[in-house]
Amino acid sequence: MSEKKVIKKAVFPVAGLGTRFLPATKSIPKEMLTIVDRPIIDYAVQEAIEAGCETLIFITGRHKRAIEDYFDKDRELEAELKAKNKLEALARVQGIIPAHVNCVYIRQPEPLGLGHAILQARPLIGEDEPFAVLLPDDLIDGKSCGVMSQMVEAFGQQPGNILAVEQIDWAQVHQYGVIAPKSTEGRLMPINGIVEKPARADAPSNWTVVGRYVLMPSVMDELTRSSPGAGGEIQLTDAIARSLASTPSFGFAFNGQRFDCGNKKGFLAANNHFANR
């Protein structure tokens, strides 16, 4: 009997410039903008940890040092909080990253696309090791548990590439990767195709991919052979599409509410949602 694969590593592509939030992102990484009292990226990190990931791989760029500082220990701050008996605040600061979790940071030398960013993590991921990818801009409030926990559970039942998807208005499909499902029954939908940002007339469905993936090693292999696609960038979607011939792949209709924090309206909606909750 073959050994059951588990997801222990998560990749966070966070090298983007965040131009939609200028001038704030001139000095603050967009991932460090706060939803209530936590940076956007912290929500994705806690989601990965909840799902059992123990190695967190951040693909960063210039001016992203604040991300490293946030997830590192600050002994001076902790000592001051302890001295002032601010124990609740101290517990929050010390609890950001559990002791059993490791954070690793890799620089993406130039912005060549999402697929290229993920490829930078290859030296840290085993040749036969599935892994998770979380895009912090997609902030998802899971209803019963985090979306990545839902996906890891689904992966345990049906190994393969698993892509979080949601059904959107047809007028917006040109902004997303879109799957061609063999069936839309149930939450785990087998797919036989995926295309990046198709015109509405060419879209195979209105089930679009959002920023959560569980990927098999075949996708990383395809990324090494990738050439620039849409927008002149190395696209993750293209690598997934080429892996379909050898790897079972599924769209996963997650249970939760998604906020696109890559734009201002989504960012404000997320702040309002989490503040009220």
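Buried means under 20% relative accessible area, exposed over 50% and partly exposed in between, with a 1.4 Å probe and protein chains only. The views below come from a predicted model, in which local features need pLDDT of at least 70, side-chain atom pairs count only at pLDDT 80 or more, and totals for chains, interfaces and linings use all residues. Residues are numbered from 1 along each chain as its sequence is written, and side-chain values use heavy atoms, with hydrogens and water left out.

**View 1. The cysteines C145 and C261.** C261 is buried, at a relative accessible area of 2%, whereas C145 is partly exposed, at 24%. With a disulfide taken as a pair of cysteine sulfur atoms within 2.5 Å, the count comes to 0 disulfides. The closest cysteine sulfur to that of C145 belongs to C53 and lies 13 Å away, which is too far for a bond. C261 is likewise in no disulfide, its nearest cysteine sulfur being that of C145, 20 Å away.

**View 2. The aromatic pair F58 and Y105.** Rings of Phe, Tyr and Trp (its six-membered ring) pair if their centres lie within 6.5 Å, and they count as stacked with planes under 30 degrees apart, as edge-to-face over 60 and as tilted for the rest. The structure holds 7 such aromatic pairs; one of them, F58 with Y105, is stacked, at 5.0 Å centre to centre and 15° between the planes. F58 is buried, with a relative accessible area of 0%, while Y105 is partly exposed, with 25%.

**View 3. The aromatic cluster.** F58 and Y105 also belong to one aromatic cluster together with F12, Y70 and F71.
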